[in-house]
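Thanks for making time this morning. I would like to walk you through one model, going from the sheet to the salt bridges and then to a few single residues.

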Amino acid sequence: MVGGVAACGAVKQLTTAEKVSTAFDKLGDSDSLSVSFSLDATAAQLVSLDQGTSDAMKMVDAKNVAGLGATLTLSADKPLSQALKSVRTTGGEIDPTTDPSLGVDLEVHAGGQKSLFEVRMVGGLEYLRVDLDNLMALSDDASTNQDIAGMQAGLGQMPPQYAPLKDLFEGKWVSLDPKQLAQVAKGLGGDSAAAGASGLPTSIPSISTGTRNNLVSALTGLFEQDLTLSDQGTVDGQDHIVVQGSEAKLAAGVQQAFEPVAKAIPGLASAYPTAAPTGVPDKNVSADLYVGKDGSLSKVSFDFWQLNPHGKAGEHLPLSLGFNDQAAAPTAPTGAVPIPAALIQSLAQSMAANTGDTTSGVGSSLTS
């Protein structure tokens with residue numbers, strides 16, 4: 001079917017490609033966007049895929065992992081494409097603190113929507129909450145869970161100035177001031193020699209505008225030359241488009257596209273492969289795209305198991321990305337307890353000293 005679309009449906013192919021391009025562009029035109037990643041495999045599927053291995057997954061663990069996902073929400077007082085440009089640093093990174101109107105929320109959850117942790121940036125402040133009980137339920141490492149439980153118990157015995165940390169480890173919201181964090185980092189780093197001695201990076205890797213543009217051009221060319229789009233009609237009122245391409249060609253194209261970026265990052269250049277893996281089979285893989293009535297992208301679904309060279313017919317590991325360009329703006333949580341700069345500095349100094357006993361180091365620093 002794909003070959004037929006490519007051979008005798010050139011006009012339709014172009015129209016479908018434009019539809020996909022427009023669907024992505026519309027996401028940037030909105031002033032709010034929610035992107036949700038989810039592992040759509042059921043617990044039974046995960047157990048089935050893991051059978052026959054030396055460390056097969058248990059059903060109780062599979063139930064926790066099934067549905068694992070994350071949601072990133074962005075909002076601004078202008079189109080997001082403009083907002084993200086305005087907060088991009090000279091090094092190419094995104095710094096939301098430069099625009100208080102930009103709201104950010106990242107929430108990670110386990111199966112059954114059990115929250116693991118959440119980070120928000122609202123009005124120039126950062127907010128954080130962590131559910132250690134749910135995190136420990138994901139791990140079958142008794143030693144790690146015992147360490148976390150011991151840390152929780154130790155914090156319960158700490159002086160009153162540690163109340164914000166107690167709240168954090170009890171799953172409550174705490175807040176941080178990024179400006180205070182920057183001052184603490186500056187104080188710890190000192191000059192470049194001191195920073196190097198402490199293990200802190202002496203400079204922030206940057207990627208030039210030219211390199212970023214070349215990356216976009218390479219990925220665009222990969223999309224245009226090596227992928228085939230097939231319009232499958234509508235599903236629940238949404239346009240369904242199947243994207244197909246050779247796994248070997250895609251692997252080679254992605255390797256070549258990202259190679260200049262890898263060379264620009266210290267420590268990564270020597271580790272980045274100089275050629276695509278030779279063992280990648282020359283077979284077609286596919287993904288499903290869904291476009292809403294307003295023309296914006298609503299979902300991308302990909303069966304990761306098709307990349308497994310030993311996968312069997314009927315086995316699936318579906319992953320999906322959902323998009324909502326009408327998402328509610330992140331708001332500051334009520335009752336968040338601020339973590340003061342003195343506590344942040346003490347924690348950072350204790351970790352930099354690498355004493356192996358963080359709570360003890362922090363305690364002595366605050367009480368001295």
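Before I come to the strands, a word on pairing: two strands count as paired if DSSP finds at least two bridges between them. Helices (H or I, at least four residues) and strands (E, at least two) are DSSP runs, numbered from the N terminus. Please keep in mind that this is a predicted model, in which local features need pLDDT of at least 70 and side-chain atom pairs count only at pLDDT 80 or more, while totals for chains, interfaces and linings use all residues. Residues are numbered from 1 along each chain as its sequence is written, and side-chain values use heavy atoms, with hydrogens and water left out.

Let me begin with the sheet. It is open and has twelve strands, in the order β7-β8-β9-β10-β11-β1-β2-β3-β4-β5-β6-β12, with mixed pairing. At its edges stand β7 (227-235) and β12 (337-338), each with a single partner strand, so one side of each has no neighbour in the sheet. Within the sheet, β8 (residues 238-246) and β9 (residues 284-291) pair in the antiparallel sense over eight bridges, and Q244 has S286 in β9 as its bridge partner.

Now to the salt bridges, where the criterion is a side-chain nitrogen of Lys or Arg within 4 Å of a carboxyl oxygen of Asp or Glu. By this rule the count comes to nine salt bridges. One of them joins the side chains of D231 and K19, at 3.1 Å from N to O. Because D231 lies in strand β7 and K19 in helix α2, this pair ties together parts that are 212 residues apart in sequence.

How buried or exposed are the partners? Buried here means under 20% relative accessible area, exposed means over 50%, and partly exposed is in between (1.4 Å probe, protein chains only). K19 is partly exposed, at 25%. If contact means heavy atoms within 4.5 Å, then T16, leaving aside neighbours within four places in sequence, is in contact with L229, D231 and I241.

R129 is in strand β5 (residues 125-130) and E118 in strand β4, eleven residues apart, so to speak a link between distant parts of the chain. R120 counts as buried at 18%, whereas R129 counts as partly exposed at 23%. Salt bridges that share partners join D105, E118, R120 and R129 into one network.

Which element holds N64? N64 is in helix α4 (residues 59-65), where it is buried, with a relative accessible area of 16%. Not counting residues up to four places away in sequence, N64 touches A110, G111, K114, A137 and L138, and its C-alpha atom is separated by 7.7 Å from that of G112, 48 residues apart along the chain. L307, by contrast, sits in the loop between β10 (297-303) and β11 (318-324) and is partly exposed at 30%. With the same exclusion of sequence neighbours, L307 touches E247, V285 and F302.
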